[in-house]
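Work through the following exercises with the sequence and the model side by side. Each task is followed by a solution that goes step by step.

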2 protein chains.
Amino acid sequence: MDMINRQWILARRPQANIGPDDFEYREITFVPPILQDREILVRSRLFRFLPTMRTYMKGSQFRKPMPEGAPMQSPAAAEVIGSNNPDFPVGSIVSVMMGWQDYAVLDPSDHSDGFSAGFGMLKPEGMSLIDFEGLYGVNSLTAYFGLLEIGAPAAGETLLVSGAAGSTGSMVAQIGKLHGCRVIGIAGGRDKCDWLVDELGLDGAIDYKSEDVGARLGELCPRGVNIFFDNVGGAILDFAVDHMAPFGRIALCGQISSYDDGESLATGPRNMMRVIYWRLKMQGFVVSDYRNAFETAYADLRRWHEEGRVRHSSDIYEGFRLLPRTFMRLFDGTSKGTLLLRSD
Amino acid sequence: MDMINRQWILARRPQANIGPDDFEYREITFVPPILQDREILVRSRLFRFLPTMRTYMKGSQFRKPMPEGAPMQSPAAAEVIGSNNPDFPVGSIVSVMMGWQDYAVLDPSDHSDGFSAGFGMLKPEGMSLIDFEGLYGVNSLTAYFGLLEIGAPAAGETLLVSGAAGSTGSMVAQIGKLHGCRVIGIAGGRDKCDWLVDELGLDGAIDYKSEDVGARLGELCPRGVNIFFDNVGGAILDFAVDHMAPFGRIALCGQISSYDDGESLATGPRNMMRVIYWRLKMQGFVVSDYRNAFETAYADLRRWHEEGRVRHSSDIYEGFRLLPRTFMRLFDGTSKGTLLLRSD
């Protein structure tokens, strides 16, 4: 049976900001191959957008660049429509890295690249597709493990979160609140800052676009920052180090400030004397290291959500045609919560 | 009884490299005051020189600058010659921060600044004055706790040490060897590098003055660096981050590369993406936090030294007059081991 496979391919590798011309739409005839051992055939249902996809495009020291002329690599929730793998029966929904296309053949149990957090996870019965990629998605798991394992929050401590209105950051902030922290968020724009304080109950928010971040940190964190959960890096990390309290912990989650540049290495956190004298810890992490504890995180997130103590918002678009434009929303500062696109 | 108190005072606060004109010798009449509760009167016996004294001179975000016109602040081993503190009887030897002078009155149990590592320690019976400040001095304790507590070395791992020929670095390297690590040192000059390999048994050494540090790290650490003990900071730290192995630990001990500059904040470690993806930990520490475990460290160091598994060298000068010139040896690269000056 021949099928039409819609694809958005990477037409060229952008050097600076991404734009619509970097992608090209095409339809190809897809003849499903004979599935090898452990392989499955999937149909994409819901695409998720991550800032780090930007780094996959250009490649990095950790990952080969995406090939030009091939579908844009992307995480998605997909339906299994053919299976030669008993762990992934036909009809189940699985989180995969499958690219911007309708169909793909892959082995969901291959974690050899070490970074495919959450890929190969099966959606539990009774969980909605949106919740699977949203409330219980990789962003929430990243927030959960980064804050609790590296930040190790204690009641009364001050938690600072950059990218606080984003999918990961907003979950970090809420989990921090329910652990008794005083939580300050950094976000871009008055709307996002108001949302953080008025809707999510943060103790303060800093608009990095219009405010002096260093001065505001001094005002809002007079006793210093005990935990900094950093999604942004660059100048924000540099400011934060200057305001850390003794024995502070910095969970390094992302460096979105540098993803969209041609040159990703500008300056690092410069105040290393403070890191030494104030016994700071800066630690990078990757959520897939905590794979064996995902069930615990699911249970906590479910309970907190049912009790109304965390809320999760998704920003959901519809239609395969909108994939590139939706992706660009990650970088123009208009997206809030988890950015998803449901395929038609 | 009037006494003559010789002093070297800080004549002016240097902006860049320190020189002989920054200090001024004087002799003043010293009338010992009535000792208050817990105070002692001490006579300096052995001065120790630390790179961080450079930062005390200009002041920093953590410490007020040394006052001009007052004795240069410095650690020393001193004899108690008057005491109103039962813990520090007359005749005992105590490690103190007393400045470049013959006599001082102080409370050795005051640790309120939090950074006076080892100050207020009494020299145990049977330990020589030189060993008290050398083999068992703060530099060795810093090496011991920084490597074992933050580096957490395992046999077979690769340990990289900057400032490896220095007092702290050479001890780190040796403690690393006896924990089964492959140890690579970074030092300035062929002589120091030869000494590290031929005398201390390191597996390799990089001369940062004549070699391409990045290229040599690639050659000597093909599987990456598991532990980096950094005394230097700056460009060396930046290179090291580029060569860390996954789950690597960086113990941040010092930033000597920036102590002698007018401007101490150049660039930090820039490759933060590697810190994230490779789950690196960078952690600052201050040895005084481990005060309660110093006895354990003494016992280990004594055993290792008696077994011939660590050696410690001190570079000892004689004569109060030589204080400034001896201090400058720390920064011109000619000193090896713990730099000490015995007062006359």
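**Exercise 1.** Which residue of chain A meets the side chain of Arg279(B) in a salt bridge?

*Solution.* This is a predicted model, in which local features need pLDDT of at least 70, side-chain atom pairs count only at pLDDT 80 or more, and totals for chains, interfaces and linings use all residues. Residues are numbered from 1 along each chain as its sequence is written, chains are lettered from A and ligands numbered from 1 in the order in which they are written, and side-chain values use heavy atoms, with hydrogens and water left out. Begin with the rule: a salt bridge needs a side-chain nitrogen of Lys or Arg within 4 Å of a carboxyl oxygen of Asp or Glu. The partner is Asp289(A), with 2.7 Å from N to O. Between chain B and chain A the count is two salt bridges.

**Exercise 2.** Describe the interface between the two chains, from its extent to the pairing of strands.

*Solution.* First take the contacts (heavy atoms within 4.5 Å): 38 residues of chain B touch 38 residues of chain A. Next comes the buried area, the accessible area (1.4 Å probe) lost by two parts on being put together and summed over both; for these chains it is about 3300 Å², with 63% on carbon and sulfur atoms. Then turn to the strands, which are DSSP runs (E, at least two residues) numbered from the N terminus, and which pair if DSSP finds at least two bridges between them.

**Exercise 3.** Determine how Glu318(A) and Arg342(A) connect separate parts of chain A.

*Solution.* Start from the total, which is 42 salt bridges over all chains. In one of them, the side chains of Glu318(A) and Arg342(A) meet at 3.4 Å, N to O. Finally, locate both residues: Glu318(A) belongs to strand 13 (residues 314–318) and Arg342(A) to strand 14 (residues 338–342) of chain A, so the pair ties together parts that are 24 residues apart in sequence.

Note on methods:
Helices (H or I, at least four residues) and strands (E, at least two) are DSSP runs, numbered from the N terminus.
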